[in-house]
Amino acid sequence: MLEAAQPGSSTSQPPRNRAVPPPSCWDQSFLTNIIFLKVLLWLVLLGLFVELEFGLPYFVLSLFYWMYVGTRGPEEKKEGEKSAYSVFNPGCEAIQGTLTAEQLERELQFRPLEGR
């Protein structure tokens with residue numbers, strides 16, 4: 001029979017399952033507050049530029065900035081991740097769910113798919 005290790009003994013081991021606690025409510029509210037402040041700042045600046053009659057250029061430049069920030073660089077690609085464009089994948093392999101010309105032609109002619 002195994003004896004339970006005493007907390008002060010040299011045979012006690014730390015627990016093996018150390019679960020990472022989920023982010024606290026304060027962390028989530030902090031991020032929400034940051035996003036809220038950014039949107040509020042953008043709206044205030046939009047109002048300022050509208051008063052200066054530069055509202056439309058500010059809005060358009062903001063859209064371009066958001067598109068630039070929203071795109072990922074090649075260094076952010078995960079190992080083994082495939083591109084949505086098959087020409088950039090090794091062997092021009094298409095991702096699952098891609099509509100091919102052959103499949104479209106079969107569906108337009110109401111022929112059953114092969115293998116079904």
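1. Basis. This is a predicted model, in which local features need pLDDT of at least 70 and side-chain atom pairs count only at pLDDT 80 or more, while totals for chains, interfaces and linings use all residues. Residues are numbered from 1 along each chain as its sequence is written, and side-chain values use heavy atoms, with hydrogens and water left out.

2. Fold. The protein has three helices and zero strands, and its pattern along the sequence is α-α-α. Helices (H or I, at least four residues) and strands (E, at least two) are DSSP runs, numbered from the N terminus.

3. Burial and surface. Of the 116 residues in the protein, 6% are buried. Buried means under 20% relative accessible area, exposed means over 50%, and partly exposed lies in between (1.4 Å probe, protein chains only). The accessible surface is about 11400 Å², and carbon and sulfur atoms account for 64% of that surface. Accessible areas come from the Shrake-Rupley method with a 1.4 Å probe; for residues, only the protein chains shown count as cover.

4. Nonpolar patch. A nonpolar surface patch of about 1200 Å² includes Leu56, Phe59, Trp66 and Val69. Patches are made of residues with over 30% relative accessible area and no salt bridge; like charges are joined within 9 Å, and nonpolar side chains (Val, Leu, Ile, Met, Phe, Trp, Tyr) within 5 Å. Leu56 sits in helix α2 (residues 55-70) and counts as exposed because its relative accessibility is 62%.

5. Record. An unreviewed UniProt entry lists residues 39-68 as "transmembrane region". UniProt positions are given in the numbering used here, feature names are shortened, and annotations may be inferred rather than shown by experiment. In the model, residues 39-68 are 90% helix and 0% strand, with their end C-alpha atoms 17 Å apart.

6. Pocket. The largest pocket has a volume of about 210 Å³. Its lining includes Ile35, Trp42, Ser62 and Trp66, and α1 (25-51) and α2 each supply at least two lining residues. On a 1 Å grid over the protein atoms alone, a pocket is an open set of points where a 1.4 Å probe fits, with protein on both sides within 12 Å along at least five of seven lines; lining residues have an atom within 4 Å of a point. Grid points are joined across faces, edges and corners, and a volume is the space filled by probe spheres set on the points.

7. Salt bridge. The structure holds one salt bridge (a side-chain nitrogen of Lys or Arg within 4 Å of a carboxyl oxygen of Asp or Glu). Lys82 pairs with Glu93, with the closest N and O atoms 2.5 Å apart. Both residues lie in the loop between α2 and α3 (101-108), so the pair ties together parts that are 11 residues apart in sequence. Lys82 is partly exposed at 41% relative accessible area, and Glu93 is partly exposed at 40%.

8. Positive phi. Glu53, a residue other than glycine, has a positive phi near 65°. Glu53 lies in the loop between α1 and α2 and counts as exposed at 72% relative accessibility. Cys92 is not a glycine either, yet its phi is positive at about 50°; Cys92 is in the loop between α2 and α3.
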